[in-house]
Amino acid sequence: MGKLREPLNILYGDNCALPLALEAMGERWSFMILRAAFNGVHHFEEFQQELNIARNILSNRLSRLVDHGIMAREVMAEDRRKVRYELTEKGVELLPAMIALRQWGEKWGAGVPSTPVLVDTRDEQPIGPVTITAHDGRPLGYKELVWMHRSELQPLGQARARMAPVAAE
């Protein structure tokens, strides 16, 4: 078996998850809107004021996020002119990706930790770095990963041992 790679020339289609995710998110304004939503912003005027974004761009990005099921749009019963935007379950599941991007930016962009700091509610201590973990929770590094076709996966405990070539003694 040779080294398996993702099919890098497939940019669209059901079997290519990363381009699909990027299509849903678009570009930086979508991420900035999501960040605002995670910080409790819900109304068009609030997004515009907080982000200082042009109305047409905000309208376009909110529509895109709603169309992709990342945010839900609800017309308020008490004032039909007012609309509330809320993260859906699908949108909330983007939180680890958002945190990973922020942590990467802190390390490689800003060079300093951001403030305010995201903490867990129990201990009120900063969250740890977002990591790649194995099925059992072990943190994994880049060199510990390999692509496999789904049909080659073995039941737990029956995986073939992958060992580095042993140097001649």
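Visitor: Does Glu 124 count as buried or exposed?

Guide: A quick word on the source: this is a predicted model, where local features need pLDDT of at least 70, side-chain atom pairs count only at pLDDT 80 or more, and totals for chains, interfaces and linings use all residues. Residues are numbered from 1 along each chain as its sequence is written, and side-chain values use heavy atoms, with hydrogens and water left out. Buried means under 20% relative accessible area, exposed over 50%, and partly exposed in between (1.4 Å probe, protein chains only). At 60% relative accessibility, Glu 124 counts as exposed.

Visitor: Which loop is Glu 124 in?

Guide: Helices (H or I, at least four residues) and strands (E, at least two) are DSSP runs, numbered from the N terminus. Glu 124 has a positive phi of about 55 degrees although it is not a glycine. Its place is the loop between α6 and β3.

Visitor: What is the omega of the cis peptide bond between Thr 115 and Pro 116?

Guide: Most residues other than glycine have a negative phi, and most peptide bonds are trans. Pro 116 sits in the loop between α6 and β3 (132-133). The cis bond joining Thr 115 to Pro 116 has an omega of about 10 degrees.

Visitor: And what is the relative accessible area of Asn 52?

Guide: You'll find Asn 52 in the loop between α3 and α4. Asn 52 is not a glycine, yet has a positive phi of about 55 degrees. Asn 52 is exposed, and its relative accessible area is 69%.

Visitor: In what order do the elements of the protein chain run?

Guide: The chain has six helices and four strands. From the N terminus on, they go α-α-α-α-β-β-α-α-β-β.

Visitor: Which helices do Glu 45 and Arg 55 lie in?

Guide: Side chains of opposite charge can pair when their charged atoms come close. Glu 45 and Arg 55 form a salt bridge (a side-chain nitrogen of Lys or Arg within 4 Å of a carboxyl oxygen of Asp or Glu), with the closest N and O atoms 3.2 Å apart. The pair ties together parts that are 10 residues apart in sequence, because Glu 45 lies in helix α3 (residues 44-51) and Arg 55 in helix α4 (residues 55-67).

Visitor: How many residues does α6 give to the lining of the second largest pocket?

Guide: On a 1 Å grid over the protein atoms alone, a pocket is an open set of points where a 1.4 Å probe fits, with protein on both sides within 12 Å along at least five of seven lines; lining residues have an atom within 4 Å of a point. The second largest pocket is lined by 20 residues, and Arg 102 is one of those nearest its centre. The elements giving two or more residues to this lining are α2 (28-38) and α6 (95-110). The most comes from α6, with seven residues.

Visitor: What does Arg 102 form a salt bridge with?

Guide: Arg 102 is partly exposed, at 38% relative accessibility. The closest N and O atoms are 3.5 Å apart, and the partner is Glu 106.
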